[in-house]
Amino acid sequence: MAEPKDPMLFEMAWTADPPLLVNPELGVEKLTSRTAAKSFRSDVTLLDSTDHRLLRSGVVLAHRVVDSLGEWYLDAPTWSPWLPVDCAVGLDGAGELPLDFGCLIKPFLRGAPLSPSGALSCERSEVSLIGPGGESLADIRDDRITVTRSGVTVSRAREITLTPRTGLSTRLRGWVAGRMMALGATQVAAFPSALSRLGPPPGALPDFPRSVPANVAATLEGFVGNRLASCLHAVIEADLKARSRGMQLDSAADHQAAHTGEFIVMPDTPSATDLSELGMDPVAMSSMGIHDERHGRIDGLITALQELEAVIDGLSELLEPRWVRDLTIRLDQVTSLDRERITIHRMPESYYQLLDMLVLAVRAPRLTGDGSVPARPVLTEMVTHAVATVVSQADGLDAGSDHGWARARRSADAAAALAVTLQVDKRAGRIARRLAKVASALAATGSVHEGPSPEQVAMLTPMQAYAAGRRAERRLAEIGLARSRFVAEWPKQREKLLKAVK
């Protein structure tokens, strides 16, 4: 049977004596100190907003000094591949935060200033267990960790890690555990992460909670909050995709964080080569990154915002009108941006205000009614009423008259947006598809009054006026054909729509 090689972890009193794990009877002849590179002091200053927006979003930004070598550190495994995992960048001549780092964290900060939110220092020493032949049996790492906030020490911890180099016998492992417990240590399965030591207070709500599949069995507040969370995630992912495209922010080493999702602020094996391994000169390196006026197209972000707009339209009956109006104003300002001129680095302040509104709404949706009621009855009534309105208005349409067409288009668009928002089962999916077809057919039946105004015509040359008149005639013919087609096909569409609702 193979001897176990799993590490042994112990939490120990700060003032306890170092463990002297020597037992010739079990094959441990002596302890020897490891190289100076394995014993060091690391000081980590965590940067965040005063309300911990980065940490609540799963982003660790820190300034790290290991044996007088400074570097900026960014770790965001939950946002990979758009944000780096366990990435360290050497200080430039000014010592300022690299622009690429500042760009990537901007949608999480949303205008809040950065400031030191905590500090963690670690004094590490390492020794090795040596066997009879001089071979190394295991390495013992002794970490003394101090956490401070506003200059006040808030906690101290001491962590002992025994990492076997060869399989240790069960008897030897038992003896080690006994010796450590005799010194007052407690064996644990894992140590708290740096995030848990430095992170936000317990119970702090995340800014970007993961959405789950839509569930009409939930409360109305839970359903709306989950739909908004899904849209918010789509928006932030499109944002980060634009920001990170082309950035080379790979990790300096393959740490466990890439596989476990743990935030690792202290390096496992710091040395003077840590910064040089990044392939850059920390002094001469520019902090400009890849920023320029062409980087970061916002096409994908605009698409995600338009999908959010459709969901807001669908849920507008449930949400406070003033909140919907304020959000819609900001949405219109952003979705109307010139995609050829505006990049992700030049987004207006209204965009970050929009993100702030969504973050707050996901936690507590601004509902007009009781959010604790079951969602299914409310949503069923909304869809039924929307379909009835579309049917009533489409029944009265006449291909030869302009009356009612604009109202029918608005009703169909609103009903389709609602149905898409509430797709939670096969029946809701069928209704959504039927309403989408009706809305699409009505979209081609635009107003017959479209065309240049008399004032605009007066500014045209005769040739231009003639061409505009021909375009208007073709448009009228197309609208007339679309309306005749809709009226002819409506009875069949009506039957299928009502069948889907039953």
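**View 1. Arg-110 counts as buried, at 6% relative accessibility.** Buried means under 20% relative accessible area, exposed over 50% and partly exposed in between, with a 1.4 Å probe and protein chains only. Arg-110 sits in the loop between helix H2 (99-109) and strand E7 (115-130). Helices (H or I, at least four residues) and strands (E, at least two) are DSSP runs, numbered from the N terminus. The phi of Arg-110 is positive, about 55 degrees, although the residue is not a glycine. The model is predicted: local features need pLDDT of at least 70, side-chain atom pairs count only at pLDDT 80 or more, and totals for chains, interfaces and linings use all residues. Residues are numbered from 1 along each chain as its sequence is written, and side-chain values use heavy atoms, with hydrogens and water left out.

**View 2. His-52 has a positive phi of about 60 degrees.** His-52 is not a glycine. Its loop runs between strand E3 (40-48) and helix H1 (53-56). With a relative accessible area of 14%, His-52 is buried.

**View 3. A cis peptide bond links Ser-80 to Pro-81.** Omega for this bond is near 10 degrees. Pro-81 belongs to the loop between strand E5 (69-75) and strand E6 (87-90).

**View 4. Ala-364 lies in the loop between helix H9 (349-363) and helix H10 (375-395).** Ala-364 is partly exposed, its relative accessible area being 39%. From C-alpha to C-alpha, Ala-364 and Val-224 are 9.3 Å apart in space, while 140 residues separate them in sequence.

**View 5. Arg-376, Lys-426, Arg-427, Arg-430, Arg-433, Lys-437, Lys-492 and Lys-496 form a positive surface patch.** Patches are made of residues with over 30% relative accessible area and no salt bridge; like charges are joined within 9 Å, and nonpolar side chains (Val, Leu, Ile, Met, Phe, Trp, Tyr) within 5 Å. A salt bridge is a side-chain nitrogen of Lys or Arg within 4 Å of a carboxyl oxygen of Asp or Glu. Helix H12 (426-443) and helix H14 (462-501) each supply at least two residues of the patch. H12 gives the largest share, 5 residues. Arg-427 lies in helix H12 and is partly exposed, with a relative accessible area of 30%.

**View 6. The protein chain has 14 helices and 10 strands.** Of its 502 residues, 44% count as buried. Among contacts (heavy atoms within 4.5 Å) between residues at least 6 apart in sequence, 74% join residues at least 24 apart.

Notes:
Areas by Shrake-Rupley, 256 points an atom, 1.4 Å probe, with all protein chains shown as cover. Lys, Arg positive; Asp, Glu negative; His and termini not counted. Charge placed at Lys NZ, Arg CZ, Asp CG, Glu CD.
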